Amino acid sequence: MNHFKTPLAASLGALFLSCLLWLTPSSAQADTLEVPVQVGLGPAFYFMTGPIGDNQAPHYGVRIYAKAILKKRALRKVRKKVPREYRKLLRKTDELRIGHMLIPESIIISPRTQDVGMFGMTWRFIKLDIPLLKNPRLTVGSGLLLTYAFIDVALDAEGRRNNPLLAEGTTHFLRPGISAAVNLEIPVTDAFLLSFGWSSGFYVPQEIGGSILSVGNVNKGIWHIGEAYGLLNFRFPYKTRL
């Protein structure tokens, strides 16, 4: 347990600072800070529980990564913005990554190949990562997320359904959830990195064909979405005001 005490405390401080920086407006007199921004894009593969997963696995989409990276030098400049009681939590933090809550983390783009077509997005609002390795960077984490997916179920050419639990028609899947994830990031050069990972999202069950306001049967709906992904990441310098 002591092995994770320092990374967890530092991560909590980083999470607090991340929220603070997004909520604090910039001013003309603010200090200018140049930080690297990492942008990544790559394929994603989704595995659903229930009749959707029984019908087709995987579904397809795109994973997105867009975060500013604050190293120790930058953290020293912004630490004064954090209340004194939280500053010591950041002293053991090697870097802090800040994303924007309006940028989706995943986009589902999966036209119907059997009975089900699916299109949607997942946003992650709060994420807590604990580093296990520095180089390559291996992290495990958890966070709060929101997923919307438009699910279209159609009968086959002979008017049959491959799975009787699939209700013909459309479903608007909309659920908050909790994620558990692991990510491996491998630097190829200072400006180019590869990353691979898995994320599991756990949701209140919603049945296929059911309302977003109702709680569904776990055997007839979606309560878990697993996502495997790979990313090509690029870093470039960016100037911002604090």
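**Exercise 1. Surroundings of Glu227**

Leaving aside its neighbours within four places in sequence, with which residues is Glu227 in contact?

*Solution.* The model is a predicted one, in which local features need pLDDT of at least 70 and side-chain atom pairs count only at pLDDT 80 or more, while totals for chains, interfaces and linings use all residues. Residues are numbered from 1 along each chain as its sequence is written, and side-chain values use heavy atoms, with hydrogens and water left out.

Begin with the element: Glu227 belongs to strand β9, where strands (E, at least two residues) and helices (H or I, at least four) are DSSP runs numbered from the N terminus. Next, collect the contacts, a contact being heavy atoms within 4.5 Å; for Glu227 they are Ala44, Phe45, Tyr46, Arg63, Ser106, Gly197, Trp198 and Ser199. Then turn to the side chain of Glu227, which makes a polar contact with the side chain of Arg63 at 2.9 Å. A polar contact is a pair of N or O atoms within 3.5 Å; within protein, one must be able to donate a hydrogen and the other to accept it, and residues adjacent in sequence count only if both atoms are side-chain atoms. Finally, Glu227 counts as buried because its relative accessibility is 6%, the class being set at under 20% relative accessible area, with exposed over 50% and partly exposed in between (1.4 Å probe, protein chains only).

**Exercise 2. The enclosed space**

Determine how many cavities of 30 Å³ or more the count gives, and describe the lining of the largest cavity.

*Solution.* On a 1 Å grid over the protein atoms alone, a cavity is a set of points where a 1.4 Å probe fits but cannot get out, and lining residues have an atom within 4 Å of a point. Grid points are joined across faces, edges and corners, and a volume is the space filled by probe spheres set on the points.

The count comes to one cavity of 30 Å³ or more. The largest cavity holds about 100 Å³ of space, and among the 16 residues that line it, Thr122, Thr147, Tyr203, Ile225 and Glu227 are the closest to its centre. Sorting the lining by element, β4 (106–110), β5 (116–133), β6 (137–153), β8 (192–207) and β9 (221–241) each give at least two residues, and the largest share, four residues, comes from β8. Sorting it by class instead, one finds five nonpolar, seven polar and four charged residues; here Ala, Val, Leu, Ile, Met, Phe, Trp, Tyr, Cys and Pro count as nonpolar, Asp, Glu, Lys and Arg as charged, and the others, Gly among them, as polar.

**Exercise 3. Gly177 and Leu144**

*Solution.* Beyond four places in sequence, Gly177 touches Gly143, Leu144, Leu145, Phe202 and Tyr203, whereas Leu144 is in contact with Trp123, Arg124, Phe125, Ile126, Gly177 and Ile178. As for distances from C-alpha to C-alpha, Gly177 and Leu146, 31 residues apart in sequence, are 6.0 Å apart in space.

**Exercise 4. The whole chain**

Summarise the secondary structure and the burial of the chain.

*Solution.* The chain has four helices and nine strands, and 42% of its 242 residues count as buried. Among contacts with a separation of 6 or more, 69% are between residues 24 or more positions apart.

Note on methods
On a 1 Å grid over the protein atoms alone, a cavity is a set of points where a 1.4 Å probe fits but cannot get out, and a pocket is an open set with protein on both sides within 12 Å along at least five of seven lines; lining residues have an atom within 4 Å of a point.
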